[in-house]
Amino acid sequence: MKWILIAVVASLSFIAAGAASAQEALAKSSGCLNCHAVDTKKMGPGFKEIAAKYKGKADAQATLEAKLTGAKGHPAVKTSADDVKSLVKWILTM
């Protein structure tokens, strides 16, 4: 039983890592990584810093989506609304 649990946890870890890689690839193709990094500040703050700033705020998702698509304090992004939503969700999980 213990080995089954370990196998399940390991499998879920690989799935999560794959999803994170896909999101990071989306961030790169969308141009986000030109100014941001995951862990460190580049031209803009790191994604982990953004996640910490908005942690526990109920309107974080909507606020960040509006900033990105409406060019409010951030250059407008040239990607689909669905991709913006997905990227913001990923950033907020850090």
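Buried residues, meaning those under 20% relative accessible area with a 1.4 Å probe and protein chains only, make up 24% of the 94 residues in this predicted model. Because the model is predicted, local features need pLDDT of at least 70 and side-chain atom pairs count only at pLDDT 80 or more, while totals for chains, interfaces and linings use all residues. Residues are numbered from 1 along each chain as its sequence is written, and side-chain values use heavy atoms, with hydrogens and water left out.

The protein has four helices and zero strands, giving the pattern α-α-α-α along the sequence. Helices here are DSSP runs of H or I with at least four residues, strands are runs of E with at least two, and both are numbered from the N terminus.

What holds the interior together in terms of contacts? The largest nonpolar core has 15 residues, and Ala 27, Phe 47, Ile 50, Leu 87 and Trp 90 have the most contacts inside it. Such a core is a set of buried Ala, Val, Leu, Ile, Met, Phe, Trp, Tyr and Cys residues joined through side-chain atoms within 4.5 Å. At least two core residues come from each of α1 (2-29), α2, α3 (60-70) and α4, and α4 gives the most, with five. Ala 27 touches Cys 32, Leu 33, Phe 47, Leu 87 and Trp 90, not counting residues up to four places away in sequence; here a contact means heavy atoms within 4.5 Å.

A search of the whole structure finds one aromatic pair: Phe 47 and Trp 90 are edge-to-face, 5.6 Å centre to centre with 70° between the planes. Rings of Phe, Tyr and Trp (its six-membered ring) pair if their centres lie within 6.5 Å, and planes under 30 degrees apart count as stacked, over 60 as edge-to-face and the rest as tilted. Phe 47 lies in helix α2 (residues 47-54) and Trp 90 in helix α4 (residues 81-92), so the pair ties together parts that are 43 residues apart in sequence. Phe 47 is buried at a relative accessible area of 2%, and Trp 90 is buried at 10%.

Just after α2, Gly 56 takes a positive phi of about 80°.

How values were computed
Buried < 20%, exposed > 50% of the residue type's maximum accessible area, 1.4 Å probe, protein only.
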